[in-house]
Amino acid sequence: MQLNFSIYRYNPEIDDAPRMQEYSLEVEEGQDMMVLDALIALKETDPTLSFRRSCREGVCGSDGMNMNGKNGLACITPLSALGKGKIIVRPLPGLPVVRDLVVDMTQFYTQYEKIKPFLINDDNHPPSREFIQMPEERAKLDGLYECILCACCSSSCPSFWWNPDKFIGPAGLLHAYRFLIDSRDTATDERLNDLDDAFSVFRCHGIMNCVSVCPKGLNPTKAIGQIKSMLLQRAV
Amino acid sequence: MVTNQASMKRNGIQDWVSLRATAIIIALYSFYIAFVFFTAPTLTYPIWQGIFASLFMKVFTFAALVSIMLHVRIGLWQVLTDYVKPAGLRAGIQYVLNLIAFAYVAVGLFVLWGV
């Protein structure tokens with residue numbers, strides 16, 4: 001069985017413009033594999049093909065890419081899930097391309113940095129050993145802490161495409177809410193002050209591309225809605 | 001984090017609430033007008049005039065027109081800041097569109113006045 005691929009190629013040092021390159025791969029009839037395995041096999045024949053990968057099991061978030069028009073992790077996307085036709089692989093949209101499927105994630109990380117992604121606790125008497133949380137307080141972090149920062153969501157969000165310098169993006173905001181809702185964090189007001197403008201949060205218009213592509217099944221739109229209502233409750 | 005100067009001093013929360021508040025009025029008005037169209041057997045000028053003669057309908061229509069103006073002002077600012085990056089061009093387009101939105105209200109007001 002022959003599988004056909006069309007893969008985005010661009011090496012800024014050599015190419016004037018990006019192009020799509022056709023590849024084909026022979027596999028056993030009925031055999032399924034992950035897109036990443038197919039890319040690795042293609043790289044055997046064309047070592048110039050570049051992409052990021054590390055854990056190859058959906059934990060590290062390195063191989064986010066656009067497969068048949070939808071962002072996802074190549075290592076946990078089976079070829080069978082992409083239909084029978086040609087498989088079109090492109091880099092994550094909206095981010096500058098370093099080479100082929102490798103994108104420059106600086107804008108993404110800059111927005112992530114802005115939300116201070118660490119626990120802030122200015123309690124004068126911190127516990128000597130560990131911060132104890134009630135099970136229900138800990139439960140509030142479920143669906144938030146699992147984010148692996150693969151950028152599939154933010155790079156599928158039109159608001160992030162148009163304002164990557166001002167809109168935090170779904171991944172950053174999911175993390176922002178993770179710290180806003182953490183019972184051990186004492187900087188809730190400062191965090192909300194930082195988000196209280198016309199762009200950082202409110203550029204989200206709830207189109208939910210982030211929810212549709214998240215490889216971990218998380219719901220950034222819901223977290224953004226919670227931040228909006230926290231900001232609103234503080235204002236009225 | 002994004003300075004107010006970078007967003008024409010627009011307030012995110014206020015815009016978010018205003019968009020929804022005006023959307024409710026616009027939606028209610030649209031449903032009401034649709035209801036009038038579908039339930040009236042024939043819509044002659046006297047019937048149409050009769051509908052708009054009541055003070056309630058005048059206030060409701062004016063509220064809908066003002067809501068559209070506010071909704072347009074916020075919504076188009078958001079759309080333009082997404083798609084039109086040169087600040088001068090954006091300011092020019094915004095100026096014209098806001099004028100048109102105001103013209104709708106002014107024309108609507110004079111029409112209501114005349115009924």
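A nonpolar core is a set of buried Ala, Val, Leu, Ile, Met, Phe, Trp, Tyr and Cys residues joined through C-beta atoms within 7 Å. A residue counts as buried if 20 or more other C-beta atoms lie within 10 Å of its own, as exposed if 12 or fewer do, and as partly exposed in between, with C-beta atoms placed from the backbone. The structure is a predicted model, in which local features need pLDDT of at least 70 and side-chain atom pairs count only at pLDDT 80 or more, while totals for chains, interfaces and linings use all residues. Residues are numbered from 1 along each chain as its sequence is written, and chains are lettered from A and ligands numbered from 1 in the order in which they are written.

Chain A has eight helices and seven strands; these are DSSP runs numbered from the N terminus, helices being H or I with at least four residues and strands E with at least two. Its C-alpha trace spans about 65 × 35 × 30 Å along the principal axes, and 36% of its 236 residues count as buried.

The largest nonpolar core has 56 residues, and those touching the most other members are Ala74(A), Leu173(A), Leu174(A), Ala176(A), Tyr177(A), Val201(A) and Ile227(A). Several elements give two or more residues to this core, among them β1 (2–9), α1 (35–45) and α8 (220–235) of chain A. The most comes from α5(A), with seven residues. In soluble globular proteins, nonpolar side chains tend to be buried together.

Which residues does Leu173(A) contact, leaving aside its neighbours within four places in sequence? They are Ile168(A), Val201(A), Pro220(A), Ala223(A), Ile224(A) and Ile227(A), where contact means C-beta atoms, placed from the backbone, within 7 Å.

Pro78(A) lies in the loop between β4 (70–73) and β5 (87–90) of chain A. Pro78(A) is exposed, because 12 other C-beta atoms lie within 10 Å. Not counting residues up to four places away in sequence, Pro78(A) touches Asp32(A) and Met34(A).

In chain B, helix α4 (residues 87–114) has 28 residues and reaches 41 Å from its first C-alpha to its last. That is close to the 40 Å expected at 1.5 Å a residue, the expected span being 1.5 Å times one less than the number of residues. None of the 28 residues of α4(B) is buried.

Methods:
Contact = placed C-beta atoms within 7 Å.
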